[in-house]
Structures are given as structure tokens and as C-alpha cells.
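Here's a quick briefing for anyone meeting this structure for the first time. Have a look at it, then read on for the main points.

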Amino acid sequence: MGNTKPITAAPVLSDRVRVNGVETPVTFTAEEGILRWRENCLSIEKEVLGITVEGSKIKIRAIKENDGGGIICCGGNTGGTVRRRSYNLEMLTEDSLRIWSQKLHDYIDSLGRPKRLFVFVNPYGGKRSASKIFIDSVKPLLDDANIDYTVQETKYQLHAKEVAKSLDILRYDGVVCVSGDGILVEVVNGLLEREDWDSAIKMPLGVVPAGTGNGMAKSLLDAVGRPCTASNATLAIIRGNKQSLDVATITQGQNRFFSVLMLAWGLIADIDIESEKYRWMGSARIDYYAIQRIFRLRRYNGCIKFLAAPGYETFGEPADPEGEVKSSFVQHKGYCGPALQMKDFNRKIEGPFVSVWLHNVPWGGENIRAAPDAKFSDGYLDLVVIKDCPKLTLLSLMTELSKGGHVKSPHVLYLKVKAFVLEPGTQLDDGSKEGIIDVDGEVLARGKGTYKSNYKTLMTYDKLHIKVDQGLATVFSPSTIS
């Protein structure tokens, strides 16, 4: 056979349009989703936000990166600048206008993008910049994408949870949280406490970083090499790609809490919660208080038991079976969490401990790569344990947190677990004082003698059971992530 030419996708549409008063050919290739005219080449999926018809013109709103033109749209965070661009294609006939606008609309609709969003904005979180981030970075992109949205500013703690419990989910294609991680956690708990929790939790959730931690947004964007900015997070929501997310159910008697980020007990929890007394220092409070805590190190009595993931069964010691613990919440509506078969908990580690840290996603904050091997929907939690460690070595480990290098230390146990039991105890050097259990950045339980120990918490400083539901929730993501 002779030489054959490569087959290229035939254009679905080919026409002539007027751009800046000059006629020029334009083509749209549906197979590639590419629109071309003159020197311009636009990917509908990656670059085009939306189109509108204005008179005889088709107005295309798009984003371009590093092209030196357009309106800059960045999210209050450094890096990841996105430039908004607008293109006007003047069609020469009414038939062309009708056919082209219909084809382009149909293609955008075929991408499964959200059309109606419910947006929470937390004006009190982090640097109190969420409202400005929404106006400057989120709103312009949503408007360009022709997305209808309802905005709800949160007015007090657990407000988002209350709204999520009664939200008419049939009216929306997703819920967006312009905040740190706290509002996302409230929404997940609200959705899972509904009578229709099994359908409600399928609602895609979006996170735009506008708080202190931003661990979920950082994890989603970093997984595809994107900077953690409000504009990048908003674009991920607009494009409509979705990712399953594991949810951990924490139970204690009749109480339950649904976690999507992390649980900490010991050093990390103490730093996170007790450093609030230095909030006036801004983000420097964490580093400042970490040094204090390391040089006045506490160790905690206690025990952890877990169902190790395949390949991690040699960690710890064999655990004695305790029988079955069932999640039976007779008085509650909503999801009760998975049943816990205690006979399946095959390993245990006895204290004292410096730190116990469970993570569902890689990043605990924008600069804390707590669990570098964590996956979004593998059905496991990453467990990071420090039992004993020299203080200077521990200080060095804390500086490795931003890169995830701490897990390589011989002083750190790093493994994956399917289920987990925490039995927290007293401080080793002072039996009259206990500790703090921190879940997703909030205090789940305070023991005696702790910071703000008189404050009421959802659970008591006692035995907790944690089990993971693989892929129970859904989040908007930059692309499909494992």
C-alpha cells in the first residue's frame, strides 16, 4: 500500500465571521471541542467558560493563562493567575447565528457542568477575607460561565450545617464553600443528618480556599500540580469534574461526627487548638506555639487499635477481640455510620504517645503535607504516630511537614488503616491533666485540665470509634484523581 495521510477530525462547522470588522474563516471541531479562527485556538472544555448571544454576535467568555492580556482574576492567594478574556464573533447571517450558538451551547451542556449552585461564604474565617475573595475572584468566573447561584453568608458556628440539613437539593447542582475547611465539614454533617442522606450526600461539594487551613482545596489542586488559589478552585467547580471522597464516621455511644479531613490527639492537636490564644499573631502563632510545646513536651498515656490495610499488618502488636460495637442511633435521623466489628481490629499500639494523627487527604493546610500517601477515595485513613522522639529531632521533623518528609523518620510510624479506636489517657507527667481531640480543625473532646476545659464539646474525652466509608461523598475536582 502507498503512503496514507493521517486522518484529522472533520470540522462540524465551518463558516465566515466578522472579527473587529474583518471577515475571517472559523471552524469548530466537535470531536476535539476546538474553536479556531485566525491565530486563535480555544478548547471549549478547558478554556471557554460560557457564551451569550448579543445581537448578531456570539460573545465567548474564556480564560487564558500567561498570555499577557485580559482581565486578571486571582484569588487573594499568590500564584496561579488566571486572565479572563472575551471574544466577539459577528455572524454574517441569522441562520449562522442560530446554528453556531446552538452547537456551542449543546457542546458545553454535554460536558456536565453545573448550572445552579448554592454558595456558602464564611466572612469570619481566617483573615476575614472570604467575602472579598468571592466578589473579586469567584463571582466574575461564575457570571462568565452563566451559572445561577444563591449566596448564603454564614452568621454563626454550625449555621452552614443547619442550612444543609434543610436545603432543597433538587434546586442545585452543587454546594460551594468559600471558606476554610470548617464550612465543608459542617455541610457534610448536615447532609448526612437528613432523612434523605443517601441522595443528599451525592450532591457535589466545592471548596474555594478562603480560610486559615484550606487543606481540602490544597489537596485537590496540588494533586494535579495547580496552585491553591481561589480562581483555580472556582474553575474546577465550573468545569464540573467530580471525585469521590472517603468519609470517616466517629462514634461514641449515641454521638457521631462525620470527618473528611483529619483527627489529631497529642502534640498536633495541642498546637492547633491551644495556639488560638495567640491568634493576634496571625499564621505565625502556629510556629511560635509549636516551639513552646516541643520544648515543654507532653506525652500521653493511652492505646490505639486499628484494622490495618493490606501490607501494614506488621505494625503494632496483635489486638485482643472485644466483640461487636454497632452504630444504632435510634433517636437520630440520617446516616448512622457503618457497623464496627471489633473482632476485625487486628493490631494495637500502647502509649505513651507524643502524637497520633489520622488523615483522609494529603494536606492538613496549605503548608502542612501531613500524609503524603493519602488518597481521596481508597477507603483508608493514613495514620501518623510518634511515640517518643528527642526534642531537637522533633523540631526538625516539624520543619519537614511542608514537604511530607516527616513520615520517613525512624521516630514516625506511618501506615494505612480501615478502622480505628482511640483510647485517650492522661498526661504521662501529670495524671491530673488530660488532652484535646481535634477533628477537622475543631475540638471534638476536651479532657480535664486542658485549654478551655469548661467549654462544652460534642463528645467526652474517652474511647472513640472511627470507620471509613469509601467514596461516600463527592467533590468537584480539577480532574479525576485516585
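Let's start with helix α6: its buried residues (under 20% relative accessible area with a 1.4 Å probe, protein chains only) are G215, M216, A217, K218, S219, L220 and L221. This is a predicted model, where local features need pLDDT of at least 70, side-chain atom pairs count only at pLDDT 80 or more, and totals for chains, interfaces and linings use all residues. Residues are numbered from 1 along each chain as its sequence is written, and side-chain values use heavy atoms, with hydrogens and water left out.

**Helix α6 and its cover**

- Helices (H or I, at least four residues) and strands (E, at least two) are DSSP runs, numbered from the N terminus.

**Strand β12**

- β12 pairs with strand β11 (residues 174-179) in the parallel sense over 5 bridges; two strands pair if DSSP finds at least two bridges between them.
- Across from G206 in β12 stands V176.

- Strand β2 (residues 22-29) pairs with strand β3 (residues 34-37) in the antiparallel sense, over 4 bridges.
- V26 has W37 of β3 as its bridge partner.
- The hairpin of β2 and β3 has 4 residues between the strands, and G33 takes a positive phi near 70 degrees there.
- β3 also pairs with strand β4 (residues 40-43), again antiparallel and over 4 bridges.
- R36 has C41 of β4 as its bridge partner.
- In the hairpin of β3 and β4, there are 2 residues between the strands, and R38 takes a positive phi near 45 degrees.

**A loop residue: N346**

- N346 sits in the loop between β19 (340-341) and β20 (347-350).
- Is N346 buried, exposed or something in between? At 28% relative accessibility, N346 counts as partly exposed, a class that lies between the buried limit and exposed (over 50%).
- The C-alpha atoms of N346 and L307 are 5.4 Å apart, although the two residues are 39 residues apart along the chain.
- Beyond its neighbours within four places in sequence, N346 is in contact with F306, L307, A308, E313, E317, P318 and A319.

**The whole protein**

- In all, the protein has 10 helices and 26 strands.
- Its radius of gyration is 26 Å, close to the 23 Å that the globule rule gives for 482 residues, so the protein is as compact as a globular protein of that length. The radius is taken over C-alpha atoms, and the rule is 2.2 Å times the number of residues to the power 0.38.
- The C-alpha trace spans about 85 × 60 × 45 Å along its principal axes.
- Of the 482 residues, 54% count as buried.
- Among contacts with a separation of 6 or more, 72% come from residues 24 or more positions apart.

Methods. Contact = heavy atoms within 4.5 Å.
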